[in-house]
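Let's take a walk through this model together, from the whole chain down to single side chains. Please keep the structure open beside you as you read.

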Amino acid sequence: MNKKLKCIIIDDERKDIENLKMLLGVYCPQVDVIGQASKKNDIIQILTEAAPDLVFLDINIGAICIFDILNELTEINFNIVFVSAHDKYAVEGYKYDAIDYMLKPVNPDDLVTVVNKALKLQSSASPRDTVMKDLKSMYTMIREIPKICVNDSKGMHIIKIPDLLYCLSRGNYTVLMMMDETEIIISKNLKYFEQKLQDFDFFRIHRSYVVNLNHISLLMKELGGSVLMRNGESLPIGRSAKKALFEKIGALKL
């Protein structure tokens with residue numbers, strides 16, 4: 001009997017972890033999930049101590065870039081599979097011998113293909129320097145196509161970051177306001193989008209608004225301070241956010 005692949009799942013979304021564990025249990029009996037983690041210290045500890053063969057890894061763990069975590073490891077002697085929300089065109093063209101990618105939600109056929117590849121690569125792990133070079137190259141390529149995927153009752157929306165004006169809080173829901181005046185309502189709170197978009201020049205200017213800084217055309221002083229967006233809308237600036245907003249805009253390379 002062949003030895004099972006020891007697997008770890010790294011993700012900050014519990015439902016995504018549980019879904020992947022379920023799919024592995026049903027479709028990939030060659031894989032033994034030995035652990036999971038969603039916080040930086042826990043991730044470093046489990047990757048260092050558990051000696052996995054295969055790691056399913058989300059690219060962004062909350063507000064943390066995964067390379068900040070991987071760079072703290074003394075060695076990378078396991079195969080990595082990214083489970084990404086980035087669109088297919090950003091992902092499909094960049095495959096490496098020791099690294100592969102799957103899109104959320106995970107397709108069972110893709111999962112089986114990835115696991116079979118990992119089994120073949122198990123005895124020929126790449127040196128850490130090579131793996132890190134490939135990881136950084138892939139991440140740069142993906143970031144050159146800035147998009148996020150979000151789900152609602154209709155299905156999955158692929159949102160082009162430059163087309164997103166701002167996010168508006170409505171309790172446990174968030175309205176995504178697009179440049180073409182489309183509104184997309186997602187059952188995630190504003191904090192979720194604040195973290196998801198902070199690496200793309202978005203900033204929380206108010207308890208109810210996260211805005212695309214590249215679409216601010218004017219900072220206005222009246223009424224306690226507001227921003228004029230490129231579509232002509234005026235949005236309030238929270239008192240506590242004003243100083244940080246001016247610093248953030250001043251640092252942008254527009």
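A word on ground rules. This is a predicted model, in which local features need pLDDT of at least 70 and side-chain atom pairs count only at pLDDT 80 or more, while totals for chains, interfaces and linings use all residues. Residues are numbered from 1 along each chain as its sequence is written, and side-chain values use heavy atoms, with hydrogens and water left out.

Let's begin with confidence. The predictor gives each residue a pLDDT, its confidence from 0 to 100, and the protein chain averages 81, with 79% of the residues scoring at least 70.

Now for the overall make-up. The protein chain has eight helices and 17 strands; these are DSSP runs numbered from the N terminus, with helices being H or I of at least four residues and strands E of at least two. Of the 254 residues, 44% count as buried. Buried means under 20% relative accessible area, exposed over 50%, and partly exposed in between, using a 1.4 Å probe and protein chains only. The protein chain exposes about 13,600 Å², and carbon and sulfur atoms supply 49% of that area. Accessible areas come from the Shrake-Rupley method with a 1.4 Å probe, and for residues only the protein chains shown count as cover. Among contacts between residues at least 6 apart in sequence, 56% join residues at least 24 apart.

Next come the charged pairs. How many salt bridges does the structure hold? There are eight, each being a side-chain nitrogen of Lys or Arg within 4 Å of a carboxyl oxygen of Asp or Glu. One of them joins glutamate 18 and lysine 21, at 3.9 Å from N to O. Both residues lie in helix 1 (residues 14–27), three residues apart, about one turn of the helix. Glutamate 18 is partly exposed at 36% relative accessible area, and lysine 21 is partly exposed at 30%.

Another salt bridge joins glutamate 194 and arginine 204, at 3.1 Å from N to O. Glutamate 194 lies in helix 7 (residues 190–197) and arginine 204 in strand 13 (residues 202–206), so the pair ties together parts that are ten residues apart in sequence. Glutamate 194 is partly exposed at 22% relative accessibility, and arginine 204 is partly exposed with a relative accessible area of 25%. Elsewhere, lysine 15 and aspartate 16 meet in a salt bridge of 3.4 Å, N to O. These two residues also belong to a network of salt bridges that links Asp11, Lys15, Asp16, Asp58 and Lys104.

On to the aromatic rings. The whole structure has two aromatic pairs. Rings of Phe, Tyr and Trp (its six-membered ring) pair if their centres lie within 6.5 Å; planes under 30 degrees apart count as stacked, over 60 as edge-to-face and the rest as tilted. Tyrosine 166 and tyrosine 209 form an edge-to-face pair, 5.7 Å centre to centre with 65° between the planes. This pair links distant parts of the chain, with tyrosine 166 in strand 10 and tyrosine 209 in strand 14 (residues 209–212), 43 residues apart. Both tyrosines are buried. Tyrosine 192 and phenylalanine 193 have ring centres 5.1 Å apart and planes at 90°, so this pair is edge-to-face. Tyrosine 192 is partly exposed at 21%, whereas phenylalanine 193 is buried at 0%.

Finally, two backbone angles deserve a look. Most residues other than glycine have a negative phi. Alanine 51, in the loop between helix 2 (40–49) and strand 3 (54–57), has a positive phi of about 50°. Glutamate 181 has a positive phi of about 75° and lies in the loop between strand 11 (173–178) and strand 12 (183–186). Alanine 51 is partly exposed at 42% relative accessibility, while glutamate 181 is exposed at 68%.

Definitions and conventions:
Contact = heavy atoms within 4.5 Å.
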